[in-house]
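Here's a quick tour of a protein model, made for someone just getting started. Have a look at the structure first, then work through the points below.

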Amino acid sequence: SQHSLFILKVAYNDDLRKYGPGNILMLNLLELLSGGSAFRELNLVTAPVWADRWHLNKRSVFAMQHFNRNVAGRLSKAMMYSRRILKDVIRAETNG
């Protein structure tokens, strides 16, 4: 939505945990949202565990992909699935 602020990732450094930089960022963003900005919603997208203490509303989100049956659609589908498989293979090799 045009009134949503999406936060995809928040950097985390365990050495700074006692200062709560993620909480400070959240507080600043909530103050921004309540201070008359155009934003009406803060969306953390990935629902990080550290944000649980903020008791945010959670919604399930599902993604669906549909490809045309023409050559371009079939190539796009093959490339997407190949990429997923390669990522899994690389991750498995890296972890183990």
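Let's start with arginine 91, which counts as partly exposed because its relative accessibility is 44%. Keep in mind that this is a predicted model.

**Salt bridges**

- Arginine 91 pairs up with aspartate 88, and their closest N and O atoms are 3.4 Å apart.
- Both of these residues sit in helix 2, three residues apart, which is about one turn of the helix.
- Aspartate 88 is partly exposed too, at 46% relative accessibility.
- Another salt bridge joins aspartate 52 to lysine 58, again with 3.4 Å between the closest N and O atoms.
- Here aspartate 52 is partly exposed, with a relative accessible area of 39%, while lysine 58 is exposed at 63%.
- Then there's arginine 59 with glutamate 41, where the closest N and O atoms are 2.5 Å apart.
- Arginine 59 is in the loop between strand 2 and helix 2, and glutamate 41 is in strand 2, so this pair ties together parts that are 18 residues apart in sequence.
- Arginine 59 counts as exposed at 62% relative accessibility, whereas glutamate 41 counts as partly exposed at 24%.

**Around serine 4**

- Is serine 4 buried or exposed? Buried means under 20% relative accessible area, and serine 4 has 10%, so it counts as buried.
- You'll find serine 4 in strand 1, which covers residues 4-6.
- The side chain of serine 4 makes a polar contact with the side chain of glutamate 41, at 2.6 Å.
- If you skip its neighbours within four places in sequence, serine 4 is in contact with Phe39 and Glu41.

- Alanine 38 lies in the loop between helix 1 and strand 2, and it counts as exposed at 52% relative accessibility.
- Alanine 38 and histidine 3 are 35 residues apart along the chain, yet their C-alpha atoms are separated by 6.0 Å.
- Leucine 25 belongs to helix 1 (residues 21-34) and is partly exposed, at 34% relative accessibility.
- From leucine 25 to threonine 46 is 21 residues in sequence and 16 Å in space, C-alpha to C-alpha.

**The largest pocket**

- How much space lies in the largest pocket? About 500 Å³.
- Its lining has 19 residues, and Leu42, Asn43, Leu44, Asn57 and Lys58 lie nearest the centre.
- Helix 1 and strand 2 (41-43) each supply at least two of the lining residues.
- By type, the lining of this pocket divides into 11 nonpolar, three polar and five charged residues.

Key
Residues are numbered from 1 along each chain as its sequence is written. This is a predicted model: local features need pLDDT of at least 70, side-chain atom pairs count only at pLDDT 80 or more; totals for chains, interfaces and linings use all residues. Side-chain values use heavy atoms; hydrogens and water are left out. Helices (H or I, at least four residues) and strands (E, at least two) are DSSP runs, numbered from the N terminus. Buried means under 20% relative accessible area, exposed over 50%, partly exposed in between (1.4 Å probe, protein chains only). On a 1 Å grid over the protein atoms alone, a cavity is a set of points where a 1.4 Å probe fits but cannot get out, and a pocket is an open set with protein on both sides within 12 Å along at least five of seven lines; lining residues have an atom within 4 Å of a point. Grid points are joined across faces, edges and corners, and a volume is the space filled by probe spheres set on the points. Ala, Val, Leu, Ile, Met, Phe, Trp, Tyr, Cys and Pro count as nonpolar, Asp, Glu, Lys and Arg as charged, and the others, Gly among them, as polar. A polar contact is a pair of N or O atoms within 3.5 Å; within protein, one must be able to donate a hydrogen and the other to accept it, and residues adjacent in sequence count only if both atoms are side-chain atoms. Contact means heavy atoms within 4.5 Å. A salt bridge is a side-chain nitrogen of Lys or Arg within 4 Å of a carboxyl oxygen of Asp or Glu.
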